[in-house]
Amino acid sequence: MNNTLHTRLLKVANELSAPPLLQSYGRLVRVNGLTLTAVGGLFAMGRKYQVESIDGIWYDVEVIGFHEAEAYLMPLNKVADLYAGARVRAAPENPSICIDERLLGRVFDAQMNPIDQLGNVAREKEHSHPKTKKYSALSPLQRKGVTEPLDVGIRAINSLFTVGKGQRLGLFAGSGVGKSKLLGMMTRFTSADVVIVALVGERGWEVKEFIEQSLGPDGLKKAIVIASPADDSPLLRVKAAEQSHKLATFFRDQNLNVLLLMDSLTRYAQAQREIGLSVGELPASKGYPPSVFSKLTQLVESSGNSEQSQGSMTAIYTVLAEGDDQQDPIADNSRAILDGHIVLDRLLAEKGHYPAINIASSISRVMPNIVEHQQLTFCYKLKKLYSRYLQVHELIPLGAYQAGKDAEMDAAVNLYPEIEAFLCQNLNEQVNFSESVSQLSHIMGKVNAS
């Protein structure tokens, strides 16, 4: 009996870790908006710390900058009852989650805590799981080109703006034009093995609506959702975007085809703007400091294909054009760093044309390299006919258009009902890549026949 008790005590003693003999604290000296200033400690950029309230509650904060002996901290959550001289200490390290297929179908916050009430997930200390490696940016020579199309289940995109495996594409639109619905359709209908969805800066009720209605049970089965709503700290919104890219990179390196959907890149930039301005960075364009544009490029460049993996990582980012202004600095910068853009038009949405894709303003830069020559020819032909129709569509109801003078214009007018039906698609209608190309060939074949 004594031997058994001795053995149990030894086992428990080995599992215990000795507390530090000396605890070092910094002191809180200033609170300015979301920025806390502390002195007297060893503060490292990007590290997590804790600040004590007058009630003895410790709030998590993170270092976002420093000046001489002063460190600038930003809370990760709402704080209350802070006081001058409050203690600041290093935060204890929490075990990271085990990234594997068990995360599929789950919803997490920006710190990878489950928020779907389906129970906890495995942590690295709980199981003998290898440490998650830190992913560094790929060099240009480590990148693999985009050579194959990815089926997203949307007829207009598959046929006219083909998405390639490893492409970075922008979905540009103002608010309320159907971005979330289109993302939900892609999540349900795509041929990708894993879908990572990052909801950054959305209103709280929109997160639940997207998961329950746009995504649905079928879409959630092969997806991992990371949500950081608009009332989260700007640090958490940034972390949600960056964490989604790390998850997508992990599954890509498992030789899987991954589709990353991030809504939205604009909210990520706005969160970075709040952080930059909080540490005293000067605004440059429409209030955005220069670091925002650098961070955007770093985030987008962390996606794509790798020569070391047989998998792929395709990323689609929504970009909010404020007031439908396509010259917004974030929208303009995003067009420059992405491999194509799809523009959603409010006028089309108001006419009941869904998805409201403006085919004249949209382009996929990798499409000429990944599709057959005939599809590319038909694509350009359909765009031209659509453009010709728009030149006279206001004259037709007035009886001012006269047929017989321009054969191409006549073809555009006669085929427009079929072209419009081709471009529209119901929310629950899935059209795979081969069907999309076949239907495009069928419509354009009528032009060649005539």
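**Ground rules.** The model is predicted, so I took local features at pLDDT of at least 70 and side-chain atom pairs only at pLDDT 80 or more, while totals for chains, interfaces and linings use all residues. Numbering starts from 1 along each chain as its sequence is written, and side-chain values use heavy atoms, with hydrogens and water left out.

**Barrel.** I traced the strands first. Six of them form a closed barrel in the order β1-β2-β5-β4-β3-β6, with antiparallel pairing. Strands here are DSSP runs of E, at least two residues; helices are runs of H or I, at least four; both are numbered from the N terminus. Pairing needs at least two DSSP bridges between two strands. Neighbouring strands of this sheet are turned by 45 degrees against each other on average, direction ignored. I then looked at β4 (residues 58-67) and β5 (residues 70-75), which run antiparallel and are joined by six bridges. V61 has P75 of β5 as its bridge partner.

**Helix pair.** Next I checked α11 (residues 373-392) against α12 (residues 407-423). Their axes come within 8 Å and cross at roughly 110 degrees. Axes are lines fitted to C-alpha atoms, for helices over the stretch in contact, and angles run from 0 to 180 degrees between N-to-C directions. That makes α11 roughly perpendicular to α12 (65 to 115 degrees). Contact means heavy atoms within 4.5 Å. Among the residues making it are L382, L385 and Y389 of α11 and M409, L415 and F422 of α12. The contact residues divide into 14 nonpolar, one polar and four charged. Nonpolar covers Ala, Val, Leu, Ile, Met, Phe, Trp, Tyr, Cys and Pro; charged covers Asp, Glu, Lys and Arg; the others, Gly among them, are polar.

**Second largest pocket.** I counted 19 lining residues, with K179, S180, E202, R203 and E206 nearest the centre. A pocket is an open set of points on a 1 Å grid over the protein atoms alone, where a 1.4 Å probe fits, with protein on both sides within 12 Å along at least five of seven lines; lining residues have an atom within 4 Å of a point. The space is about 400 Å³. The lining holds five nonpolar, six polar and eight charged residues. Its largest share, five residues, comes from α4.

**S24.** I found S24 in the loop between α1 (2-15) and β1 (26-32). Beyond its neighbours within four places in sequence, S24 is in contact with V88 and R89. The C-alpha atoms of S24 and R87 are separated by 9.5 Å, at 63 residues apart along the chain.

Notes: Angles under 35 degrees count as roughly parallel, over 145 as roughly antiparallel, 65 to 115 as roughly perpendicular and the rest as oblique. Grid points are joined across faces, edges and corners, and a volume is the space filled by probe spheres set on the points.
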